[in-house]
Each structure stands twice: as C-alpha cells, then as structure tokens.
2 protein chains.
Amino acid sequence: MAERLYLYDTTLRDGQQTQGVQFSTGEKKQIAQALDDLGVDYIEGGWPGANPTDSAFFDEAPQTRAQITAFGMTKRAGRSAENDDVLAAVMNAGTGAVCLVGKSHDYHVTAALGISLAENLDNIAQSVAHVVAQGREALFDAEHFFDGYKANPAYALAACRAALDAGARWVVLCDTNGGTLPGEVAAIVTEVIAAGLPGDHLGIHTHNDTENAVACSLAAVDAGVRQVQGTLNGLGERCGNANLTTLVPTLLLKEPYASQYETGVPRSALARLTKVSRMLDEILNRVPQKQAPYVGASAFAHKAGLHASAILKDPSTYEHIEPSVVGNARIIPMSNQAGQSNLRRRLAEAGLVVEKGDPALGQILERVKEREAEGYSYDTAQASFELLARAALGKMPEFFEVKRYKVTVERRKNKYNKMVSLSEAVVVVKVDGEKLLSVSESLDETGGDRGPVNALARALSKDLGRYSQVLDDMRLVDFKVRITQGGTEAVTRVIIDSEDGKGRRWSTVGVSANIIDASFDALTDAMNWKLLRDGAGVADAV
Amino acid sequence: MAERLYLYDTTLRDGQQTQGVQFSTGEKKQIAQALDDLGVDYIEGGWPGANPTDSAFFDEAPQTRAQITAFGMTKRAGRSAENDDVLAAVMNAGTGAVCLVGKSHDYHVTAALGISLAENLDNIAQSVAHVVAQGREALFDAEHFFDGYKANPAYALAACRAALDAGARWVVLCDTNGGTLPGEVAAIVTEVIAAGLPGDHLGIHTHNDTENAVACSLAAVDAGVRQVQGTLNGLGERCGNANLTTLVPTLLLKEPYASQYETGVPRSALARLTKVSRMLDEILNRVPQKQAPYVGASAFAHKAGLHASAILKDPSTYEHIEPSVVGNARIIPMSNQAGQSNLRRRLAEAGLVVEKGDPALGQILERVKEREAEGYSYDTAQASFELLARAALGKMPEFFEVKRYKVTVERRKNKYNKMVSLSEAVVVVKVDGEKLLSVSESLDETGGDRGPVNALARALSKDLGRYSQVLDDMRLVDFKVRITQGGTEAVTRVIIDSEDGKGRRWSTVGVSANIIDASFDALTDAMNWKLLRDGAGVADAV
C-alpha cells in the first residue's frame with residue numbers, strides 16, 4: 001500500500017522573500033487557485049498582520065480543497081499566548097491551519113531572542129496549545145533545526161517534542177540557512193525518528209544555498225518524513241526554497257517514490273505543470289528559466305548531433321521522461337552541428353513533411369549554415385527557421401512586401417524645457433498589389449516614449465490591409481540583442497519573442513550591423529509566422 | 001591524510017550544448033584561462049574536427065597547468081582505430097589527454113549504433129589502446145552508464161572494464177539523460193566498486209534534469225569516485241550539467257568533503273569564484289541568475305525582517321558561509337552599513353578618497369539605489385559609476401552639453417534596385433558657450449551601413465571643438481543590450497565598452513525604453529570618462 005505524502009506550498013510566504021518579489025492580493029489569489037487545481041495539501045498564504053497584502057489575502061482567500069494556512073511565530077516570552085498581539089493577528093485570519101515558526105537551535109534562543117532555553121520551550125508549547133484549543137490544525141516550523149541538532153541534539157529534539165506534545169499535527173524540520181547537505185539530512189532525520197519522533201508527523205523545509213534543496217527533501221522522505229515543503233519555481237529567501245515544480249513530478253514519476261507514496265496531486269494534473277510555472281513567471285514579469293528541470297523551454301531540447309539522431313529513432317534514448325507528461329515539448333534546435341535527420345524532425349514539427357534524401361534538405365541545411373556564418377542563430381528562433389525552410393521548399397506565401405521604411409529618433413527639449421525623446425516610423429508596404437503607407441509614433445498611453453522598434457512594430461501592423469486584424473492580438477514580449485560576428489564584421493543579432501491571444505509564443509531572429517534593421521527583420525518574420533499560423537489566405541498560399 | 005579529488009570542467013564542450021550558446025575561439029581561450037587560474041585539473045576544450053571553432057581552439061590553446069582535453073567518440077565498427085577519420089581529427093589536436101565517449105547501455109549499442117555488443121566492447125578497447133599507444137592520457141565517458149547498469153549491469157561493467165584494461169586513466173560514469181536520483185547513484189556506484197572497479201579511476205558526470213546534478217555528484221564521491229565533471233554556472237545540454245560553481249565551494253568548504261579531500265583549487269582561489277561566474281554570463285550576454293548558490297547577487301540577501309536584524313548581531317545566524325570567501329557580498333536591504341565600506345573602496349579605486357562618515361557616501365548610495373531601480377547596473381559599468389560619484393561629490397566638470405540630437409534610419413531600394421540601409425545623425429552640443437552642429441552618416445570605408453549608434457558616435461565626437469582631438473583615438477569595441485525592469489516598465493539597458501590608443505578599456509551604461517536613447521547616454525558617458533582621464537582642461541575642472 002502506498003503511504004500518503006503531504007505537499008505544503010509556501011510560494012505565497014517564503015516565496016515572497018525572494019529579492020524583488022512582492023505579490024499583490026489578486027496575484028496571491030490567482031496562485032493559490034493554481035496550486036489548489038494542482039492538488040497540493042497546504043497553501044501557506046502569508047503572515048497575517050505583517051503586511052496589508054497578506055492580511056487582505058486571508059480576508060478574500062479563495063475556496064479551496066487545500067488547507068489555506070496562516071503563518072506566524074510562537075508567542076513572545078513574558079505574556080500568555082492569548083495576550084500576544086502578533087499571534088492574535090495570525091489567529092484572526094481564521095484559517096483552518098496555522099503554522100508557527102519557533103527556535104530549535106539553542107544559540108538562537110539565547111543570542112537572538114535573549115531568553116532562557118526553558119522559556120523558549122514553554123513559548124512553543126503554549127502557542128501550539130493555543131492554536132489547538134481554538135480548533136485549528138497546528139504546525140510548528142522548527143527553525144534552524146539541522147544546525148541546532150548538530151550543536152545540541154537534545155535541545156533540538158526537546159523543541160520538537162514540546163510542539164508535538166502540545167498537539168501539533170506537524171513538526172517541520174527546517175534547514176533555514178540552507179547549508180545542510182543531503183547526507184547530513186538523511187543521517188539526522190534517521191536519528192530523530194530513532195529517538196521517537198513520529199515520521200508521519202514530520203515535515204521537511206529546505207533552502208537551495210548549495211543547490212541541494214530538492215535532494216535534501218528527497219533524503220528526508222527516504223529517512224521517513226511525510227510532509228514536504230517548497231515553492232513554485234523554487235522562489236524563496238536568498239537562493240530559494242525546495243522547488244515544488246521539480247519535486248512534484250519527481251515524486252509522482254520516479255522510483256522508488258512513484259510506487260511507494262501517494263500525494264494529493266493526481267498524475268493527470270502534471271500536464272498543467274509547465275503552464276503553472278510559466279504563469280508564475282508571467283505574474284512576476286520574469287523571463288522563464290530555459291534550463292529549469294521538467295518545465296524549462298530547454299528541458300527537452302536536444303542540441304548535440306549524436307543525441308538528435310538517436311532521439312529520432314527512440315526518444316527514450318536521451319530523455320528521462322516523456323515531455324508531454326509535464327505539459328512540456330521536445331525541441332530539436334537547428335544548428336550547424338545537427339544533421340539531416342534532426343532537420344526532418346524539426347520540419348515535421350512545423351507540419352512540413354519532407355522525404356528522407358529530398359535534395360531540399362541539403363539546400364535548407366546549406367542556407368542555415370550560410371546564415372549562421374552571417375550571425376543568425378536558429379537555436380531558439382524556431383519561427384524564423386520555419387520561414388526559411390518554407391521559402392526553400394516553395395511553401396512560403398508572400399503576405400506583404402516591404403518597399404521601404406524610415407524611422408526617426410529625436411531627443412530635444414520640450415516647451416517645459418525638459419528633455420524628451422520621440423520616435424516616428426513610416427513604413428511603405430505592398431499588399432495584394434496595393435501600396436500602403438503607414439506612420440506611427442512611439443508614445444504609449446501615458447505619453448512615455450517606447451522607442452523606435454516599438455514605433456516600427458506599430459506602423460507595420462496597423463496598416464497591412466486585411467492582415468492587420470489577424471495581427472491584432474499579437475504582442476512583443478521579449479527583445480534580446482547581442483553583438484556577434486557576421487563574417488569578418490561585428491553585427492547585431494536581435495531575437496524577438498512574440499505572443500498572441502491564443503497563447504502561442506514564438507521567436508524570430510534578425511541580423512544586421514544596424515540594430516534597427518535587425519529588429520525590423522525579426523519583426524517582419526514574427527508577423528509572417530503569425531499570418532501563416534492563422535491561415536491568412538493569399539492567392540498563392542500553399 | 002586527505003585524498004585527492006580531481007575536477008574536470010566541460011564548460012567548453014558539454015556547456016556549449018546549452019541552447020543558444022556558441023562560444024567563439026577567443027571566448028573559449030578566455031574561459032580556459034579563468035578555469036586554469038581557478039585550479040581545475042582538466043579542461044575539456046571541445047570536439048576537434050566537429051566544427052571550426054573547436055578545431056581553432058586546440059590550435060591556439062593557451063598554456064595551462066590544467067590538462068587541456070580533446071573530446072571525441074570511440075572508433076566506429078568495421079575499421080581500425082588508426083583508420084577512423086573522426087578519431088584521427090581528435091588525436092590530431094595534439095592534447096595530452098583525450099576523452100572518448102562510448103556506449104555502456106546494451107540497448108543503445110544495438111538500437112542506436114546497430115552493432116553487436118561484442119563489437120562495441122572491441123571499439124572501446126581499441127580506441128582507448130590507440131590513445132594510450134600515442135602516449136596520451138585516456139579517459140572513457142561511459143554514456144548512459146546508470147540507465148545501462150539498471151538494464152544490464154554485467155554489460156555496463158564490461159564496457160568500463162574494456163576501457164580500464166586498455167589503459168584508461170579514468171572511466172567516467174555518465175548519467176547522460178539526467179534522470180537518475182542521488183539514492184540510485186549512491187547504490188550503483190557502491191555496487192560498481194564492490195564489483196572491482198577502482199574508485200580512484202572512476203569519475204562522475206551528471207545532468208540536472210531533476211535538479212539533482214550536484215547531489216548525484218556528491219553521492220558518487222561519497223560512494224568512492226575520485227573525479228567530478230561539471231561546468232561553470234551549470235551550463236549544458238537540456239537542463240545543464242553539474243554546476244562546478246556550486247560543487248567547488250561545497251567540496252572545499254563543507255564537511256565531510258573539506259577534511260576528507262584535496263583538490264587542485266586552493267581555498268584562496270574561491271575568492272574569485274563570483275567574478276568567474278559573472279565573466280561567463282558577460283560573455284554569453286546573459287543576466288546573471290540572482291538566486292545562484294554562492295555566487296548569485298541574492299545568495300546572501302536577507303530580506304526577511306527577522307533575519308536581517310539577527311544578521312546584524314551575528315551573520316552566522318542566517319548564513320551558511322561567509323560571503324566574501326567566494327567573492328560575494330551580503331545584502332541587507334534595510335541597512336547601508338555594509339554598503340558604505342564597499343563604496344569607499346570602489347571610490348578609492350577611481351582615485352576618489354572620501355572619509356568614513358562623509359554624508360556624500362549616503363547620497364551616492366542613495367543615487368545608485370535609485371538608478372538601479374530604474375534599470376541601471378554599475379556592476380560592470382565602472383566608468384559610469386565613477387561619473388555618478390564625481391557628480392555627487394561636485395567633482396565632475398561639464399565638458400559639453402547636448403542640446404538635442406536626431407537620428408534617421410532608412411531602408412529603401414537604391415538605383416540598382418537593391419535594398420540598402422542608411423543612418424544619419426545630427427547632434428547639437430554646446431561647448432564653452434558655443435553652439436556646435438554636427439552631422440554624420442553610418443557608412444564605413446567600404447560603403448557598408450554601420451547603423452544609427454555608430455552614426456551618433458561619429459557625429460558626437462567629430463565636432464566637439466577642442467575635445468574632438470582628445471577623442472580621436474577612442475573606439476567602441478563592444479555593445480551589449482539587455483531588456484530589464486525599470487520601475488514597472490521594461491527598459492533597454494545598453495553597456496558600451498570603449499578602448500583608446502593608450503590601451504585603456506572602460507564600460508559605460510545607459511538605460512531607456514528607447515534603445516537609441518540608452519545607447520546615446522552610454523556613449524556620452526564613455527566620452528566624458530575619456531575626457532576626464534586625458535585631463536581635458538575646462539575652466540571649472542577640479
């Protein structure tokens with residue numbers, strides 16, 4: 001029989017300790033909903049009373065299957081639990097579960113709190129008893145547990161026992177400073193359970209300061225704990241917390257965990273994992289980490305030529321799981337290291353079936369090689385690659401032809417004697433034999449200058465005749481520039497990431513010694529790809 | 001007695017399998033030098049013959065203490081090692097050590113290579129023997145070792161034995177697909193050594209597909225291997241390789257490793273670790289990962305209020321190591337105590353002596369903070385930092401004032417019906433009370449368009465009155481662009497590297513939503529710094 005393993009998410013509390021991260025109440029609700037849909041058991045929502053956003057979240061907390069949990073600290077010395085206003089604010093959030101952090105490392109009790117060791121044990125016991133007396137589920141976060149255990153094992157255990165004896169459902173062993181290695185976690189948890197603490201009342205909370213947060217969590221489960229704490233995308237103080245986006249699929253898909261344990265997350269929910277991870281990045285306005293395990297855009301990208309050819313025969317040769325299980329996808333990037341089989345695979349992904357041995361394959365590879373020598377890179381710019389291949393195969397319709405463009409960037413004093421910048425772009429295109437002129441400036445709704453590339457994008461899309469409507473839901477989400485070698489000269493390579501209302505995301509590339517030219521080419525590629533995907537009909541479309 | 005543990009870096013080979021990464025030969029040399037300075041034992045430089053850049057690197061490889069190693073694959077079936085042209089290209093690189101990858105998983109031998117199991121063992125033995133016969137040190141990368149061992153342990157061991165018996169110094173156990181968990185690595189390595197393979201001839205090569213690459217490497221060392229492979233910043237195929245930037249400090253600073261093992265990296269070299277990590281990001285034009293263990297900008301950032309106040313009493317309360325040991329620094333958002341001494345050191349480097357407690361220090365810190373919130377970064381842009389500090393200290397002369405500028409970028413057909421681009425820049429400045437207008441276009445000597453930033457740089461420097469001569473020997477050598485967060489908006493950050501005839505090289509930064517504006521600001525900073533250094537006299541100069 002599989003044993004139950006509980007998942008405790010602290011994205012909204014410890015995750016918010018990430019430098020630069022501050023969720024709004026609405027964002028907290030959105031994340032809580034996604035976590036609940038996934039199937040975690042606990043959602044730690046924040047510290048009620050510590051800041052207005054956290055307090056507001058508990059007031060408006062969504063209805064969830066998961067236990068919404070309020071975080072706080074054990075009562076201070078010299079007052080009763082009932083009379084501690086900080087604890088009262090936590091209780092007032094009215095959650096079914098309350099998690100209180102307290103000291104389990106003797107040095108911290110005396111040096112940081114400045115109270116006696118006995119007083120601290122009493123604070124733990126009284127606080128937990130208070131939570132339980134109010135009919136809530138009590139959790140105790142044993143702060144600095146591993147460092148504390150190394151310094152004074154008897155005291156660290158006594159702190160945990162104080163919480164358990166007072167009725168805590170869980171005592172969570174925290175590696176607060178993140179310096180404990182997996183071997184130590186395994187050894188200490190084993191000792192703790194041997195000393196009588198019940199594994200099915202123990203949790204693990206790790207940090208990634210040595211890149212071992214996931215491994216330490218697994219080691220603790222191996223040694224007997226039954227609750228795992230972590231955050232989405234590994235957010236958290238300093239180097240982050242244990243990454244649930246990695247831990248959850250590992251626990252569900254990998255042995256011995258898959259057979260040995262059961263969690264609240266059904267296997268089918270994993271198919272949403274990549275989406276949930278990207279949603280969080282979207283909220284944080286962060287570029288998703290390409291190399292993130294399971295959910296990163298590169299997690300199933302096979303660049304090495306040897307790998308790519310074997311993948312075509314059997315994906316399991318170079319993949320530890322099937323990418324679709326976690327909602328991700330395989331990528332075989334195009335580069336001059338890759339051969340024809342790689343190319344065919346990539347063409348097939350774009351719906352272009354080309355027979356083995358077709359001379360067009362050689363032409364496409366040749367063209368890719370030439371362009372890479374000019375500074376292009378099709379590794380990430382899949383959409384530009386597809387356009388290039390279609391052109392070589394005679395399967396690229398000409399939606400529009402750019403006759404000329406002109407951009408002006410100006411900085412001068414305005415009438416208030418303040419320096420202001422303004423860009424203006426004029427684009428002349430031919431669509432269905434008709435010449436169309438379009439002009440746009442770079443100011444956004446607030447009057448701020450968004451620069452020449454923005455002005456060009458607007459001018460280009462706003463007056464493309466019947467295509468303008470198709471491009472309406474498209475927007476630029478990222479813009480990357482690097483100087484690279486194009487033949488003997490330094491050139492600018494621009495990669496543009498675009499998105500549309502259908503949730504598609506695609507990358508295009510442009511190269512030129514002139515950064516505006518390079519941007520313009522990446523832009524027109526992005527638009528052509530969008531028109532292609534949305535089946536914008538043209539007379540000679542294929 | 002401490003046992004010797006060998007560090008093998010594959011940033012230049014497996015690291016180059018990262019999506020979007022393609023080093024130039026010069027960059028490879030720069031990275032190799034940094035790795036050698038750090039003290040790794042082996043530097044895998046690439047696959048000679050596989051692509052021109054790798055071949056060129058071996059032709060021009062720097063003199064290193066570390067063993068520069070060429071990578072290749074075991075000979076193909078049906079020909080002798082002497083007659084395998086792929087292997088010959090690897091041998092021709094002339095390196096002291098050669099690492100050949102070969103199959104150790106029976107399924108891959110029959111399915112991917114399509115040869116018999118015996119033929120594969122023969123290929124391994126013959127290839128290794130060939131390397132050894134030429135007086136080189138031979139390494140064998142046992143591809144898919146862990147998956148292979150699980151499927152057919154006898155065959156996986158036989159592949160390793162074939163290499164060892166033929167004289168391989170090292171057999172590297174590779175978790176090629178990255179799916180093996182630390183517990184499995186520990187168990188399998190233990191069995192392998194019990195089966196007679198000598199631990200001091202075994203290496204470990206892991207990938208981060210479950211975020212356990214570091215933990216699996218440590219588990220393998222615990223079980224007895226004595227060589228660890230990895231990459232700087234964890235670059236590598238898919239989710240990356242084991243991160244040496246994390247593993248090296250862990251092995252040197254943490255128990256039981258610190259006492260039990262000795263590596264080629266002296267503890268003092270760790271102080272350069274953060275710099276080396278940032279240098280690699282700089283080369284790749286990547287934003288450094290703030291949450292990276294040990295070297296990330298947030299690795300020692302204490303955001304939680306409880307933590308920050310304890311840190312002031314004793315940093316060890318919330319830090320697993322002292323940040324300066326790895327060349328990193330503590331960040332306490334609420335306190336600028338630590339900031340001021342850092343700042344004074346940096347000012348002194350620019351020849352600006354400011355006394356402790358001078359209120360100007362607080363003002364400069366405040367100004368840097370404000371600008372960083374707008375998207376500026378003074379990490380690398382030392383020259384811009386110096387200008388900012390001088391302005392705050394009242395020690396920045398105004399050489400010239402820019403009244404306005406205007407740049408036009410145009411693409412159109414020329415009289416030969418060929419699309420051409422041209423940029424033109426007009427700059428209006430005031431020098432010594434005199435208004436000067438200057439115009440320049442973007443064409444170089446060959447008639448090629450060098451873009452709007454180039455046109456601006458020329459227009460600005462060519463007519464600055466008596467300063468133009470001082471700027472004569474200055475040129476732009478690099479130009480990096482990143483999209484970053486400036487307040488609530490995405491902005492462009494431009495870093496310009498400049499050089500002059502005196503061999504100076506300096507970096508400046510500009511930030512704006514408008515890429516031309518950002519470039520222009522970085523340009524004017526570059527010129528101001530040059531004028532300052534060359535003592536261009538002005539009436540109010542200090």
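The following legends describe close-up views of a predicted model.

In this predicted model, local features need pLDDT of at least 70 and side-chain atom pairs count only at pLDDT 80 or more, whereas totals for chains, interfaces and linings use all residues. Residues are numbered from 1 along each chain as its sequence is written, and chains are lettered from A and ligands numbered from 1 in the order in which they are written.

**View 1. The annotated span of chain A.** UniProt, in an unreviewed entry, lists residues 5-271 of chain A as "domain: Pyruvate carboxyltransferase"; such annotations may be inferred rather than shown by experiment.

View 2. L202(A) counts as buried because it has 23 C-beta neighbours inside 10 Å; the term buried requires 20 or more other C-beta atoms within 10 Å of the residue's own, with C-beta atoms placed from the backbone. Leaving aside residues up to four places away in sequence, L202(A) touches V171(A), L173(A), L197(A), V225(A), R226(A) and Q227(A), where contact means C-beta atoms, placed from the backbone, within 7 Å. R226(A) is 24 residues from L202(A) along the chain, and their C-alpha atoms are separated by 6.0 Å.

**View 3. Helix 4 (residues 106-113) of chain B and its buried residues.** H108(B), V109(B) and A112(B) are the buried residues of this helix. They lie on the same side of helix 4 of chain B because they cover an arc of only 110° around the axis, the arc being that of the directions from the helix axis to the C-beta atoms. An α-helix has 3.6 residues a turn, so residues three or four places apart point the same way. G114(B), with a positive phi near 70°, follows helix 4 of chain B.

**View 4. Contact of helix 17 (residues 452-462) and helix 18 (residues 515-533) of chain B.** The helix axes, lines fitted to C-alpha atoms over the stretch in contact, come within 10 Å and cross at roughly 35°. Residues P452(B), V453(B), L456(B), A457(B), L460(B) and S461(B) of helix 17 of chain B meet I516(B), S519(B), F520(B), L523(B) and M527(B) of helix 18 of chain B.

Terms used. Buried ≥ 20, exposed ≤ 12 C-beta atoms within 10 Å, placed from the backbone. Helix = DSSP H or I, 4+ residues; strand = E, 2+ residues; numbered from the N terminus. Contact = placed C-beta atoms within 7 Å. Axes fitted to C-alpha atoms, helices over the stretch in contact; angles between N-to-C directions.
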